[in-house]
Amino acid sequence: MTDDPNLPSALAEIAEDFHSVGDRERLELLLDFSRELPELPAKYGDNYSESMEQVVECQSPLFLAIEHNDDGTVQLVFAAPAEAPTTRGFASILQQGLSGLSGDEILAVPDDLHQRLGLAKAITPLRLRGMAAMLGRIKHNIRQQMAAAQ
């Protein structure tokens with residue numbers, strides 16, 4: 001499922017990367033993404049659990065913040081422990097693939113993104129649900145923020 005017209009360009013490139021390798025290498029690629037998750041900005045400090053929202057559907061502790069830029073785009077910020085590489089990997093994919101997009105562009109991303117990456121054979125169903133929950137939480141928060149702005 002490469003060249004997916006339903007994905008923004010950055011996510012389409014990531015999906016292409018996943019589809020260019022075999023099932024076993026997809027897990028390695030996900031681990032590579034986990035190492036690319038940016039460090040938490042200093043403004044969130046050591047008490048990020050108080051200033052960020054926890055995505056409780058994830059097996060591992062994952063915290064999320066959505067920052068809105070003056071130009072109408074969104075930046076995603078995640079905090080996930082190093083000992084949760086699968087969670088960190090998907091958070092990194094979302095951060096790289098969605099940051100810089102508008103809220104409407106993010107809302108248009110298919111909910112089955114984790115399936116479009118071809119991860120079903122590499123990741124357990126429970127972890128796949130956590131990945132879907134991350135995207136769902138991002139979309140939910142963006143919808144709430146858009147409604148509040150009207």
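This is a predicted model: local features need pLDDT of at least 70, side-chain atom pairs count only at pLDDT 80 or more; totals for chains, interfaces and linings use all residues.

Modeller: Of its 150 residues, 47% count as buried. With that number of residues, a compact globule would have a radius of gyration near 15 Å, and the 15 Å found for the protein chain agrees with this; its C-alpha atoms fill a box of roughly 45 × 35 × 25 Å along the principal axes. The chain has seven helices and three strands, which follow one another from the N terminus as α-α-α-β-β-β-α-α-α-α. Among contacts between residues at least 6 apart in sequence, 64% join residues at least 24 apart.

Buried in α2 are Arg 26, Leu 29, Leu 30, Phe 33 and Ser 34. Because these residues cover an arc of only 155° around the axis, they lie on the same side of α2. On the other side of the helix, Arg 24 and Arg 35 are exposed. As for what the buried residues pack against, their partners are α1 (9-19), α4 (85-98) and α7 (125-149).

The packing against α1 can be followed down to the rings. The chain has two aromatic pairs. One of them joins Phe 18 and Phe 33, whose rings are stacked, with 5.8 Å centre to centre and 15° between the planes. Since Phe 18 lies in helix α1 and Phe 33 in helix α2, this pair ties together parts that are 15 residues apart in sequence. Both Phe 18 and Phe 33 are buried.

For comparison, there is the pair of Tyr 48 and Phe 63, whose ring centres are 5.3 Å apart and whose planes stand at 75°, so that this pair is edge-to-face. Tyr 48 belongs to helix α3 (residues 48-51) and Phe 63 to strand β2 (residues 63-68), so here too the pair ties together parts that are 15 residues apart in sequence. Tyr 48 is partly exposed, with a relative accessible area of 27%, whereas Phe 63, at 10%, is buried.

Key. Residues are numbered from 1 along each chain as its sequence is written. Side-chain values use heavy atoms; hydrogens and water are left out. Buried means under 20% relative accessible area, exposed over 50%, partly exposed in between (1.4 Å probe, protein chains only). Helices (H or I, at least four residues) and strands (E, at least two) are DSSP runs, numbered from the N terminus. The arc is that of the directions from the helix axis to the C-beta atoms. Contact means heavy atoms within 4.5 Å. The radius of gyration is taken over C-alpha atoms; the globule rule is 2.2 Å times the number of residues to the power 0.38. Rings of Phe, Tyr and Trp (its six-membered ring) pair if their centres lie within 6.5 Å; planes under 30 degrees apart count as stacked, over 60 as edge-to-face and the rest as tilted.
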